[in-house]
Structures are given as structure tokens and as C-alpha cells.
Amino acid sequence: MINRELIRIKVVQLTYAYYQNGNKNMDVAEKELFFSLSKAYDLYNYLLELIVAVTKEERLRVEIATQRAQREGTELPSQKFAYNKFAVQLEENKMLNDFVEAQKQTWADDIESVRKLCNQIEQSEAYQAYMASDDDSYEANREVWRKLYKQLIQENSDLDSLLEEKSLYWNDDKEVVDTFVLKTIKRFDPEAKADQELLPEYKDEEDKEFARKLFRSTILNAEQYQKYMSDASRNWDFSRLAYMDVVIMQIALAEMMTFPNIPVSVTINEYVDLAKLYSTSRSGNYINGMLDSIARYLIQEGVLMKSMPIREDRRSNGNGNFRS
């Protein structure tokens, strides 16, 4: 589940913290990096457990409504959503239950938030269309939860605030983790029953090693990377750079130099996006131009053994951008 997008985010955060903190201990910082990544995986499981918590609350509501209907002799409530086939399978999932047992972290302490979400679900068009439909196939049961998650959990400021209160590590994780929860919902197979596999913490050992090597290369070769920046960018005004910009470019250079199979254009695009997220409003364009110039300089000097497309002649407009 922990992909390279999330790893890059965490390396930016932890590198910045490394330089801001007085105690610069590489081993401690690396442990913090992997702990931060593990918390993202915790969030993935915790959000899946939210679906189970909602299902249990809905089941309780149905039981209460059923007792009332029996007393009053009125029509019994539908159990369709309370026993949604996908949600029941998720509730029985062995991997998720192992996580809950190991972490001792459930939604029981936040039942009011769960109830509020149930109210929002019951008022939603997706829920009402599902309840009115005669289609009770597994696909329809799974699809309603995919829609509800996208509409009411993925985009939910109250839930975001609650999660941030629970863990500072989750401040920037949810947007990425949401995509993996939705992917998990989509890939559930009724034939797998309780043995349905959830996404692993890491796809493979290579991604975990990517995190370690990127972080260590960024810190251990910082002086060399900063020299490359200076040598390649004599026409750039470094005084205009925010400190975060320097950190982001340093990590980008670490990735360019350490991972021969990652194209330069991919690296530049990834860190331009991170600059837009973590630095100033102008940082994205500025870093895009600088990384392009630095990479071309390093290729020309034979330091970076990668290729880049030929650049059309462009003139600097004096603010870190170029125009044709």
C-alpha cells in the first residue's frame, strides 16, 4: 500500500524535520521515517474498520426499529444495508481483524462521529437509490460502499479533523490512503470470503529499500548536492528560495543520482508537485526550471548518466521561469 508517492512525501517531511531539529542522528531519523510510513498503513486499516463500525451501528438501528415495528404492528425495516454483503465480508476479514486485535484501535471511542456519518449516509442519494433497488447482487452491495466512501468519507472535513487529532502523522496521509481504500473495495471478491487479501504494507522489498536509500542519500550527500545546485545554477538567485525549496531540490537530486531507472522527467514532476504542496505559491515553477537546468548540467558534465529531451532555446524572464 505504501507507494513511492507517499514515500516521497514522508522523506520531504522527515528531511525538513531533520535539519530543523538540533539532534541530527541519522539512525533515529530513519526509524522515525519508517514509523511515519507504518502509521499510514495503520490509517488504511482504520478507515476500512470505519466501514465495519458504520455497519454495526446500522445493524443496531435496524434492531431497535424492528422492535418498535413489532410492538406497533407496522412494517418491519429493511435489513439490506445493515447486512450489506460487502460490508459483512469486510467485517469477517481475517487480516483486518488481526490488525484490530494487534493495535487495539477501534471506533468505539468515537461512536458519535460514527453515528453522524450514518445519518449522512441515510440522507444520501446513493443510499436511498440502493435501498429502493431490487438489485441485491454482491456487485451492487460493493458499489454502494464505493460511492458512499467517495462522497462521504473521502470528502469529509469533520472526519479529517478527527483523524488529525488522533495522530499528527495522519495530517497529510488521508488523501493518498483514500485511494487505496477505494482500490481495496473494488478488488474484493465474494469467493475469497474472510481470506480476502488486503493490500500489504509494502508492495515489495524494493519500495521499502527505495525509502531507505532516498532518505540516506539525501542526508549523507547533502554537501555534494548543494554544490551541484550552486555550480549548475549560477544565473539563479538562491536568496529567493524558501528553505523548503532547497530541501525539496536536494531530495530530487538524491533521487536522480541514486536511482538510474527513474527518468529525470518523472523525478522533476514529482518534486514540483511537492513544492506546490509544501512551499510557496511560486515554488513549483521556480523548482521546475532549476531542476531542469541542474539535471542538464550534470548530464553534460558526465555526472548524471541519464538522458533528457533536447530543449528548445528559451530565454529567462528573470523570475525563475522561461519563455520561448
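## The whole chain

Start with everything selected. Of the 324 residues in the chain, 47% are buried. Keep in mind that this is a predicted model. Colour it by confidence: the mean pLDDT is 92, and 94% of the residues reach 70 or more. Now select residues 313-324, where the pLDDT is below 50. Beyond near neighbours in sequence, this stretch still has 25 contacts in the model.

Switch to a cartoon view. The chain has 14 helices and two strands. Among contacts with a separation of 6 or more, 77% join residues 24 or more positions apart.

Show the surface next. The chain exposes about 16900 Å², and carbon and sulfur atoms supply 45% of that area. Then colour by charge. There are 43 positive and 55 negative side chains, and the centres of the two sets lie 5 Å apart.

## Stop one: salt bridges

How many salt bridges does a search of the whole structure find? The count is 25. Visit a few of them.

Select Asp207 and Arg4. They form a salt bridge, with the closest N and O atoms 2.9 Å apart. Asp207 sits in helix α10 (residues 205-220) and Arg4 in helix α1 (residues 4-20), so the pair ties together parts that are 203 residues apart in sequence. Arg4 is partly exposed, with a relative accessible area of 21%.

Stay on helix α1 and select Arg8, together with Glu270. Their side chains meet in a salt bridge of 3.8 Å, N to O. Arg8 belongs to helix α1 and Glu270 to helix α13 (residues 264-278), so this pair ties together parts that are 262 residues apart in sequence. Arg8 is buried, with a relative accessible area of 5%. Glu270 is partly exposed, at 26%.

Now pick Lys174 and Asp178. This salt bridge brings the closest N and O atoms to 2.9 Å. Here both residues lie in helix α9 (residues 174-187), four residues apart, about one turn of the helix.

Select Asp27, Glu30, Glu209, Arg212 and Arg216: a network of salt bridges links them.

Go to Lys208, which is in helix α10. Lys208 is partly exposed, with a relative accessible area of 28%. Which residues does Lys208 touch, not counting those up to four places away in sequence? They are Phe34 and Tyr202. Then draw a distance to Ser283. Lys208 and Ser283 are 75 residues apart in sequence and 29 Å apart in space, C-alpha to C-alpha.

Move to Gln250 in helix α12 (residues 243-258). At 1% relative accessibility, Gln250 counts as buried. Show its surroundings. Leaving out residues up to four places away in sequence, Gln250 touches Tyr19, Thr218, Ala222, Tyr225, Gln226 and Met229.

Asp173 comes next. Look for it in the loop between α8 (157-166) and α9. Setting aside neighbours within four places in sequence, Asp173 is in contact with Leu6, Lys10, Ser36, Ala40 and Leu43.

## Stop three: positive phi

End with the backbone. Most residues other than glycine have a negative phi. Two lysines here are worth a look.

Select Lys104, in the loop between α4 (94-103) and α5 (111-123). Its phi is near 55°, a positive value in a residue other than glycine. Lys104 is exposed, with a relative accessible area of 60%.

Then select Lys193. Where is Lys193 placed? It is in the loop between α9 and α10. Lys193 has a positive phi of about 55°, although it is not a glycine. Lys193 is exposed too, with a relative accessible area of 58%.

Key. Residues numbered from 1 in each chain as written. Predicted model: local features only at pLDDT ≥ 70, side-chain atom pairs only at ≥ 80, totals over all residues. Heavy atoms only, no water. pLDDT = per-residue confidence, 0-100. Contact = heavy atoms within 4.5 Å. Salt bridge = Lys/Arg side-chain N within 4 Å of Asp/Glu carboxyl O. Buried < 20%, exposed > 50% of the residue type's maximum accessible area, 1.4 Å probe, protein only. Areas by Shrake-Rupley, 256 points an atom, 1.4 Å probe, with all protein chains shown as cover. Lys, Arg positive; Asp, Glu negative; His and termini not counted. Charge placed at Lys NZ, Arg CZ, Asp CG, Glu CD.
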